[in-house]
Amino acid sequence: MKAGIFYHGYYGSTAQYAQWLANDTGYPTFDLQKNNNELDPSDFDLLILGSSVRINKLTIRNWIKENWPKIREKKIIFFSVSGTAPGHPDLEKYLADSLPQEMIDRMDYIPLRGRLIVKELSWGIRLLLWFGSLVEKDPEAKQRMRTGFDFVDEQNIKPLIRAIATHTVSS
Ligand SMILES: Cc1cc2nc3c(=O)[nH]c(=O)nc-3n(C[C@H](O)[C@H](O)[C@H](O)COP(=O)(O)O)c2cc1C
């Protein structure tokens, strides 16, 4: 079985999880922000897709939609990386607002928590987050958007490793 880790993020936390997964599994990683002209997802049997969340959407959504005809019959494990905690109902909304239900239904979904270091962001993004925090109703999310957070932890990949093991054993 040929497997690969395909990820899309901006500030390094999705990349960090992808790298830890690669260290653990030996699968290659592909940064979808880079030029991947040679990359053909049809060559893979198992795709592990990772995406950051930005303004209520999965940043990988366009890549998934564009490549869906090539990957729809493959095994897909999908992880999101967000400020929102696993189990929070907003995560379901991010998925539903980013991808058609048909695609969501074909994936094993595992949410992970990421990192936001405010001083590393551009002024434009800081301003965007500040205005977002003014209209945010959830006090915890409001605080996160203003002060940043760091929930990135290698232990968080354990459920992903278990999901990968299930797929590779049953093939
Ligand atoms: C401009 C911006 C918008 C964001 N919007 C959301 C959001 O709507 N919901 C959420 O849970 N996290 C949100 N986040 C937090 C990111 O999902 C989190 O920082 C994640 O770790 C980023 O992944 P990356 O480091 O791979 O880019 C946002 C972060 C930024 C910078």
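Predicted model: local features only at pLDDT ≥ 70, side-chain atom pairs only at ≥ 80, totals over all residues.
Which residue in S5 is the bridge partner of Gly50?

I will start with the overall layout, where the domain assignment of the protein chain gives domain 1, covering 3-114 + 152-169, and domain 2, covering 118-150. The centres of these two domains, taken over C-alpha atoms, are separated by 24 Å.

Now to the strands, and to the opening question: the partner of Gly50 in S5 is Phe79. That bridge belongs to the pairing of S3 with S5, which runs in the parallel sense over 7 bridges. S5 also pairs with strand S6, residues 107-113, again in the parallel sense and over 7 bridges, and there Phe78 stands opposite Tyr109 in S6.

In a regular strand the side chains alternate between the two faces of the sheet. In S5, Lys75, Ile77, Phe79 and Val81 lie on one side and Ile76, Phe78, Ser80 and Ser82 on the other, and all of them are buried. Because 8 of the 8 residues of S5 are buried, this strand is largely enclosed by the rest of the structure.

Finally, the ligand has 21 residues around it, of which Gly9, Tyr11, Thr14, Ser52 and Gly114 come nearest. At least two residues of this shell are supplied by each of helix H1, strand S3, strand S5, strand S7 and helix H5, and at least three are drawn from each of domain 1 and domain 2. By residue type, the shell divides into 9 nonpolar, 10 polar and 2 charged.

How values were computed: Residues numbered from 1 in each chain as written. Domains from an automatic or database assignment. Near = placed C-beta within 6 Å. Helix = DSSP H or I, 4+ residues; strand = E, 2+ residues; numbered from the N terminus. Nonpolar A, V, L, I, M, F, W, Y, C, P; charged D, E, K, R; others polar. Buried ≥ 20, exposed ≤ 12 C-beta atoms within 10 Å, placed from the backbone. Pairing = 2+ DSSP bridges.
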